[in-house]
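Subject: Handing over the structure we talked about

Dear colleague,

I am passing on the structure below, together with some notes on what was found in it. Please have it open while you read, so that you can look up each place as it is mentioned.

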Amino acid sequence: MRRPGGGPLPRPRPTLADVAAAAKVSVSTASLAFSGAGPIAAATRQRVLDAAVELDYAGPNPLGRQLRRGRSGIVGVVVGDALKRSFRDPVSIQVLDGLVGTLGSLGLGVLLIPGPSDPTEPPVDPLVESAAMDVAVLMWGGTTDNPTLAALQRRGIRTVVVEGRRQEGVTTVGIDDRHGMTEATQHLLGLGHERIAVVTLPFDRDRRDGVVDADRLSRIDWEITRRRLAGVTDAGVTPVAIYETPASLVEHGKTAGFALLSGDDRPTAVVCQSDLLASGVVLAARELGLRVPEDVSVAGFDGLDLPWLAPDVLTSVVQPLAEKGAAVGHAVEDLLAGETPPYRELGVTLRIGTTTGPAPA
């Protein structure tokens, strides 16, 4: 047969039934030949496989086989922000790399689901409510009341929360970021700094941009932001200013840097909850004619390699990004095996760079 335009019609894709007919066996016997399970003679199996080669039949649909076993073979990963913003953040990329590499070695696929990036958007992506997945991962999913986690729990989908609030029945993988922020702040105190400001990650889905007041400070919803800010106060410091940013991006750190460093009563040190934010503060200081660290010291969090910031190297709290992703992957593996993984917390270390120095006289 030919198409109306003159070309030949595509050859129909062979089915398992076609293979069974060619091998002169039942469809169930042909299925056993491909599965490698069940009672089937070696000669019969070979006859089925030979027929499959002759018909150019690749084998049963693996997704269908997984679904018949009650598995999709898919792990849903909710990235916690718009994908276009997440893929500009080396932290997200490196953690995802460790996670996807581990899941791939287990024969599992990944469905990336964006988180809400604007308060006007629905708090839960439709894929969270409908997509087939065996386990879900919430990247940066720690909030005091997470609607995505609630939706997954309603569906009965086991979930791993990354850096979230520890709670009964929820598997969590975290880092010791609170202590890391305490170490960074103590480092600044040891250099004689008394006027220390903080640049934070978002407080909640509103993703505001600006210096916060006491009322706003009492409304922190993101556990990561809360913990890292608590690490500063654990060091005995009351910040002279706290600047909230909408996301961990260089431009938001730069905006915060201009706001904090433009006045006469500027802080002598700024500690930031991410390296991208800290690098933005360094760039703002340079544009304002301030020397880093002679006029202002800047510390970050993540331990990223940022060669474009040369000649400076950020003083930063280093977290094991790829290892964290792998730990999340192994927690998924445990859940699929019917086990309950224990809470796992990875350590962090302080790396002294060129962006912190003695407080100006």
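The notes below begin with the whole chain and then turn to the sheet, the cores and a few single residues.

Please keep in mind that this is a predicted model. The chain has 361 residues, of which 50% count as buried, and it holds 14 helices and 13 strands. Among the contacts in the chain with a separation of 6 or more, 71% are accounted for by residues 24 or more positions apart. The accessible surface of the chain comes to about 16,900 Å², and 53% of that surface belongs to carbon and sulfur atoms.

As a general point, strands of a sheet pair through backbone hydrogen bonds, and they do so either parallel or antiparallel. Here, an open sheet of 7 strands shows mixed pairing, and its order is S7-S8-S6-S9-S10-S11-S13. Its edge strands, each of which pairs on one side only, are strand S7 (210-211) and strand S13 (349-351). Strand S11, which covers residues 315-318, pairs with S13 in the antiparallel sense over 3 bridges, and Val318 has Thr349 in S13 as its bridge partner. Helix H12 lies across strand S6 (196-200), S8 and strand S9 (269-272), and the angle at which H12 runs to S8 is about 155°.

In soluble globular proteins, nonpolar side chains tend to be buried together. In this model the largest nonpolar core has 68 residues, and those with the most contacts inside it are Val137, Met139, Val160, Val199, Val270, Val271 and Val332. Helix H14 (residues 321-336) gives the most to this core, with 7 residues. A second, separate core has 14 residues, including Val128, Ala136, Val161 and Val170.

Thr245 is placed in the loop between strand S8 (241-244) and helix H12 (250-261), and because its relative accessibility is 0%, Thr245 counts as buried. The side chain of Thr245 reaches two backbone oxygens, that of Thr200 at 2.7 Å and that of Ala247 at 3.4 Å. Not counting residues up to four places away in sequence, the residues that Thr245 touches include Val199, Leu201, Asp209, His252 and Leu277.

Is Thr44 buried or exposed? Thr44 is found in helix H3 (residues 42-55), and its relative accessibility is 18%, which is under the 20% limit, so Thr44 counts as buried. Apart from residues up to four places away in sequence, Thr44 touches Val25 and Thr29.

Ser105 is found in helix H6 (residues 90-105), and because its relative accessibility is 61%, Ser105 counts as exposed. The side chain of Ser105 reaches the backbone oxygen of Thr102 at 2.6 Å. Along the chain Ser105 and Gly329 are 224 residues apart, while their C-alpha atoms are separated by 9.8 Å.

With best wishes

How values were computed: Residues are numbered from 1 along each chain as its sequence is written. This is a predicted model: local features need pLDDT of at least 70, side-chain atom pairs count only at pLDDT 80 or more; totals for chains, interfaces and linings use all residues. Side-chain values use heavy atoms; hydrogens and water are left out. Helices (H or I, at least four residues) and strands (E, at least two) are DSSP runs, numbered from the N terminus. Buried means under 20% relative accessible area, exposed over 50%, partly exposed in between (1.4 Å probe, protein chains only). Contact means heavy atoms within 4.5 Å. Accessible areas come from the Shrake-Rupley method with a 1.4 Å probe; for residues, only the protein chains shown count as cover. A polar contact is a pair of N or O atoms within 3.5 Å; within protein, one must be able to donate a hydrogen and the other to accept it, and residues adjacent in sequence count only if both atoms are side-chain atoms. A nonpolar core is a set of buried Ala, Val, Leu, Ile, Met, Phe, Trp, Tyr and Cys residues joined through side-chain atoms within 4.5 Å. Two strands pair if DSSP finds at least two bridges between them. Axes are lines fitted to C-alpha atoms, for helices over the stretch in contact, and angles run from 0 to 180 degrees between N-to-C directions.
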